[in-house]
Amino acid sequence: MNEVILTMEGIDKSFPGVHALDHVSLEVRRGEVHALMGENGAGKSTLMKVLTGIYTKDSGTILYEGREVCFASPREAQAAGIVIVHQELNMMGHLTVAQNIFIGREFKKGLLIDDARMNEEARKLFRQLNIDIDPRETMSRLTVGKQQMCEIAKAISHEAKVIVFDEPSAALTDAEIDQLFRIIRDLRAKEYGIVYISHRMDEIKKITDRVTVMRDGQTVGTLVTAKCTKDDIIHMMVGRVIYEEPKTQSRVPKDAPVVLKVEHLNAGRMVRDVSFELRKGEILGFSGLMGAGRTETARALFGADPKDSGDVYVEGKKVNIQSPQDAVYEGIGYLSEDRKRYGVVLQKNVTENSTLACLHDYIKYANIIDDAEERKITQKLVDMLKTKTPSVDQLVTNLSGGNQQKVVVAKWLISNSKILIFDEPTRGIDVGAKQEIYELMNRLVQEGRSIIMISSEMPEILRMSDRVIVMCEGKKTAEFDVSEATQEKIMNAATREISV
Amino acid sequence: MKEALRKFKNLKFVRVVGFNRVVLILIIFLMYGLFTLLTPILRNGSSFVNYNRIMSAFNYAYFIGFLGLGVTFVIATGGIDFSIGPVMFCSALISGYCLTTFNLPLWLCILISIAVGSIFGSVGGYFVAYRHLPSFITSLALMQVAKGVGSIFTKTQSVTWPSDNPSISWYRDLVKWNNFPTGFVIFLIVAAICAVILFRTTAGRYMLCLGSNKEAVRLSGVDTRKWEMLAYILCGTLAGIAAIFYVGAYTTVQPGLGDTFNNEAIAACVMGGTSMAGGSASILGTVIGAIIVALMQEGILAMGFTISYQYVLTGLIVLCAVTADITSRKRKN
């Protein structure tokens, strides 16, 4: 075994209301590829941010090359030799490859930038990595895979000793992944310490030496990859005790009418051939990891983003939804995961927000708004949903997250939507209000509406859904009745690697 | 002092009109007093207070006011329009040329003026709303087009609307009729209509909401493009109306000019409390703002300064008003 280059021990980090990291440990050796795994929100990113000085830890120690370190900024970490290759590449598309690699530390000849020397140095780096890229090429003309290799070259040029890869393969083709792995193996042979974050189980088996699993802000354990199975890892990822009672069986009769049918929906890279049915009075859970294409599916269905192909049927009738307007007309409402950006108009009051989707129903004559009627219906919804607001004239920006969510629900109830798409309905909402949102959703389906619920929280999926659809990389990978669904099965489907 | 201010802010009148507007009204009186005091000192005993001066200030306030009302809609949607001044001149040139050279009836020429404004508004609105161009660039480009089109149409001649032929000079009565300021009455009526459109109709609601968060409004199933375009059309139409009031007061229009009025109209708008960030607007504020701009111009000339001082002051007013708006927004967050 090689010597240890990096040890993180007993790392604690809290944010207001969340204990994000609870005594987390991680150990990386020279010449090792170390996988870091866990569900969304398990704490992987937070841990890496603590390592590279983006966050300051509350307690715990970081030993790097035998010395205790505490970086104040990513710049310091970089100078010491710890570099992250981000999933989203931080490149300036209009500059050349060499200019990107040496950004902020350009070689100069007097006052002018010495491009020739930068190209030469970049070429040396690529030779070292066995990569064939012209340093003079404009960055935006490279494929994502090549751009990532430039990012790796940049990391090497910083004389990195530890390189963290954050979901490097997410945007790559198979051939590019092969090349990435070749480079990673190369780096391993050169005694770099490598942390590899990924959700793709097969890759973990293929490229990594050890795997550390995190769950709910804690380290579950570290395994030697060669000696464990995929099921072992999944079990560690999801093996939590669920305190909330999961649903044991669907409340929806098998012969309930289908209110929404989606066939072979395609939209960009993130929605590929998705088909499903939604029954009357049903909560259909969409599970999967971040970037699985669930939100994209919902947005394409709702007409918020253009779709490439696919048919949508509402109550058996084929519909052509080109814009949110069409979707609202068909009785579909969408509650975005990002309420503040896509859900509410923060600087407007509760009434204005509540009637936004069906304002044309509240006019007296000549498009003049019927103020009294509008306020009356809003007040009715405020009472029904128990929205905590001093009055219907209160600006929405002054309400809490849970109450803002209720305003959005009110908007879709006033416009009489039959199908509601809840995208992460309880994100950013405190525990008490969460419970209320759950009860509200249950009441809505009892009244005969149907709900599609996108959620990254496994307990939420198991507790609320009648049926569960799992997505991975833009495709539907599984469908379960809630009576058959387990955390393991869902996680298995959510991390299934699909060959393109 | 603080307590008194708080009490004052809570008065019913102040709450309805808005604190900002109350301050502006006080500023009008202050300016008036200042000009009355300073003019005799600076101009050797000539006096500021006379009926002609007030009428002259009103003449200026009308067309700046109509431009300001129009641009209020655009700013409410989060955009800006720098073409309104030249569009107004273009409307006045084309319709005036039709009146004097083609001898078209006056009522038709007035309609032509309004139509020219609407066309410019529609073109600008189309590019901003449907092609997603920044309103800043779109309106700068249209400003050049408007200047050019007006010049080409009149063969780079200035146009003087007839002022002494009773059968085709009745447009002047729209501005002043037997020393009665009819223009002021019409201006207030149009402003009231604008206020109804902006605050009481679905169109106005959508414009204000989309100025605040366009994506949320779109995802509520509203055709945001249509309503955004409508704001620019209203703006252009009001520039066409402003043209009639400009010639009603001054009769002569020259090609290739008009851009100085952009800033004055925008100044009237932003000092009245319409936020450059979009989403909140005040029609009353724009009306008062236009009067302040006009009074300021009149005062500067009366005291014997050149019009260049007016440019400096309007520039500074825009800077101050926008700074105040942004600062108060930051404090709220």
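1. Two strands count as paired if DSSP finds at least two bridges between them, and the helices (H or I, at least four residues) and strands (E, at least two) named below are DSSP runs, numbered from the N terminus. This is a predicted model, in which local features need pLDDT of at least 70 and side-chain atom pairs count only at pLDDT 80 or more, while totals for chains, interfaces and linings use all residues. Residues are numbered from 1 along each chain as its sequence is written, with chains lettered from A and ligands numbered from 1 in the order in which they are written.

2. Strand β4 of chain A, residues 59-64, pairs with β5(A) in the antiparallel sense over two bridges, and within this pair A:Tyr64 stands opposite A:Arg67 of β5(A). Both strands belong to an open sheet of four strands in chain A, with the order β2-β1-β4-β5 and antiparallel pairing. Its edge strands, each pairing on one side only, are β2 (18-29) and β5 (67-68) of chain A.

3. Helix α1 of chain A (residues 44-51) packs on this sheet, touching β1 (4-15), β2 and β4 of chain A, and its direction makes about 70 degrees with that of β2(A). Contact here means that the C-beta atoms of two residues, placed from the backbone, lie within 7 Å; axes are lines fitted to C-alpha atoms, for helices over the stretch in contact, and angles run from 0 to 180 degrees between N-to-C directions.

4. Just after α1(A), A:Gly53 takes a positive phi of about 85 degrees.

5. Chain A as a whole has 17 helices and 22 strands, and 46% of its 500 residues count as buried.

6. Helices α4 (residues 115-129) and α5 (residues 144-157) of chain A pack at an angle of about 105 degrees, with their axes 10 Å apart. That makes α4(A) roughly perpendicular to α5(A), given that angles under 35 degrees count as roughly parallel, over 145 as roughly antiparallel, 65 to 115 as roughly perpendicular and the rest as oblique.

7. In chain B, the axes of α4 (residues 51-76) and α8 (residues 182-200) come within 10 Å and cross at roughly 10 degrees, and α4(B) and α8(B) are therefore roughly parallel to each other. Their contact has twelve nonpolar, two polar and no charged residues; Ala, Val, Leu, Ile, Met, Phe, Trp, Tyr, Cys and Pro count as nonpolar, Asp, Glu, Lys and Arg as charged, and the others, Gly among them, as polar.

8. The contact between the chains takes 25 residues from chain A and 19 residues from chain B. On the side of chain B, helix α9 (residues 202-218) gives the most, with ten residues.

Notes:
Buried ≥ 20, exposed ≤ 12 C-beta atoms within 10 Å, placed from the backbone.
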